[in-house]
Amino acid sequence: SGTQLSEESLTAYLTATLPAGIAGRDIVVTAVRGGRGRRLQGPVEASSGAEGPCDFIYVCEIFVRGNVSSATLVNITNSTEFEADLDEFIAESVGITDVREAGELVPSPFQPPSLPPASPPSPELPPGFNSIPTAETTLTSSARRRARALSGLSEEQVADVEQSVATYNSETFGVGVLGDPQAVFVPPDSILVVVPVPPESGFTAELVGAAYADSLEAQVSDDLGVPITIASITFGQLAVPAPSPPPLPPPLEDAVDWVVFCTSLTSAASKPELLPASSAELLSEYFASALPCCVGLANVQTVRRSLRGSVCDFEYDVRVFVRSNVSAEAIAAEASDLVFSLLLDAAFKEPLRIRDVTLVVALVPSPFAPPSPPALPPPPSTPPPLEEVVRLEVACTDVVARRILQSGTQLSAESLAAYLTATLPANIADRDIVVTAVRNGRGRRLQSTVEASSGDEDPCDFTYVCEIFVRGNVSAAELVNITNS
């Protein structure tokens, strides 16, 4: 009828029964799958119900950090009364074994205390680089495998070892907490794995090395399918580029805001015709001159905002930055004065007033955000190549001396192209001759020559523009003389 066996229930029992000097953060309970020699990724796996609670051994570590000595804790946890009370508290039948003192390099299970500031890089580092600690582990095949003259690790397994160590790091320390493992093959049959341990991870290289010595062999052996042994674990330093300093935030500035709007109390028709219409630029200039001395035009920002349903269909948001010896309160008092609004109304064609005068702190760099650089002009397009062309037009004639209907080929773009190809000098290729039918009086070319020769309209309804491109050794002057004869 007790509580089900789990990491949480054991932690709760130890916290409740141990002396008051033992804090809950000093108790670490870890479920270890029986016979695997590897710790679980988290307590959920042990208590999710996918496996029975008794499929695990629960390693309880009590860190001696208060005024209760380790000898006292050993005596308490090694007593038969403590074991009997635990068995009664837990629903399953449980027992306690292997109670001993041990020196652990494991910090508190939650976030460890902040590390001291990193020491400046050593002089031999290049400028812009820092050094971070590394845990360097040399893996080799097991002694039994080497004794039987079986093959050891090979260079082809470097990537598999890197992936296996990366998986172990994610499961044990968290995803992305440690740097990416870098493995290299060491002849004849070993692989050296270097893992960066950034200071911001909250772990030390020595702690990572202790975790590797405890359970990395089982992880890599399972992943590679061959028994692996850790030959050595050492610690070093790795030079990495120093991070760029974060950009400075824009400065905070005191400012006074108000809104200029149109009122129905007065009418624009009752004002003199020579008054100017309002604009953002004119309002900025007006306020720079109407406000107390030394406010300055550069410190006045006016933005026009469209607004439906208002008297003028627009309003102006005005912001005056406090950068002179005139205080924000003085500027706000001046803008709130009715006389100031009446003088504004008298200076422009529209019936203007001021409302919503407020003091603000603006995230705007001085004097304002710099204008965006002008857009680069598009790259110049390559102009089409220029070629010399002889151009002539062919059209039907109404001269009486000409025969209206001859026995030759009917007039069309194709017949004219065939004629020019046959009669011009041999160096003029047919691809250099372009004939286009243009409807008389319409001023546009047809989409194709089919329309001109389809019979729907008379061939004489078109003018035929012939273009001969000068691309061979026949000059343009010769072609003009031939076609003009």
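The cut-offs I used are under 20% relative accessible area for buried and over 50% for exposed, with partly exposed in between (1.4 Å probe, protein chains only).

Before going on, I noted that this is a predicted model, in which local features need pLDDT of at least 70 and side-chain atom pairs count only at pLDDT 80 or more, while totals for chains, interfaces and linings use all residues. Residues are numbered from 1 along each chain as its sequence is written, and side-chain values use heavy atoms, with hydrogens and water left out.

**Cysteines**

I looked for disulfides, taking one to be a pair of cysteine sulfur atoms within 2.5 Å. The count came to 1. Cys-396 and Cys-460 form a disulfide, with 1.9 Å between their sulfur atoms. I read -75° about the S-S bond, and the link is left-handed. The pair joins distant parts of the chain, 64 residues apart. Cys-396 sits in the loop between β11 (389-394) and α11 (413-423), and Cys-460 in the loop between α12 (450-453) and β13 (462-469).

Cys-460 is partly exposed, because its relative accessibility is 36%. Cys-54 is exposed at 54%, whereas Cys-466 is buried at 1%.

**Helix α9**

Which residues of helix α9 (residues 328-336) are buried? I listed Ala-328, Ile-331, Ala-332 and Ala-335. Seen down the helix axis, these buried residues fall within an arc of 100°, so they line one face of α9. The arc is that of the directions from the helix axis to the C-beta atoms. On the other side of α9, I found Glu-329 and Ala-333 exposed. The cover over the buried residues of α9 includes β7 (253-262), β9 (314-321), α10 (338-347) and β10 (352-362).

**Helices α8 and α10**

I followed α10 to its packing with α8 (residues 280-290): the angle is about 135° and the axes are 12 Å apart. This makes α8 oblique to α10. Angles under 35 degrees count as roughly parallel, over 145 as roughly antiparallel, 65 to 115 as roughly perpendicular and the rest as oblique. Axes are lines fitted to C-alpha atoms, for helices over the stretch in contact, and angles run from 0 to 180 degrees between N-to-C directions. From α8, Leu-283, Tyr-286, Phe-287 and Ala-290 meet Phe-340, Leu-343, Leu-344 and Ala-347 of α10. Contact here means heavy atoms within 4.5 Å.

I looked up Leu-73 in helix α3 (residues 70-77). Leu-73 counts as buried because its relative accessibility is 5%. Leaving aside neighbours within four places in sequence, Leu-73 is in contact with Leu-18, Ile-22, Ile-62, Val-64 and Val-68. Its C-alpha atom is 9.5 Å from that of Arg-100, 27 residues apart along the chain.

Gly-209 lies in helix α7 (residues 205-224). I found Gly-209 buried, with a relative accessible area of 4%. What does Gly-209 contact, apart from its neighbours within four places in sequence? I found Ile-233 and Phe-235. The C-alpha atoms of Gly-209 and Thr-137 are 7.9 Å apart, and the two residues are 72 residues apart along the chain.

Key
Helices (H or I, at least four residues) and strands (E, at least two) are DSSP runs, numbered from the N terminus.
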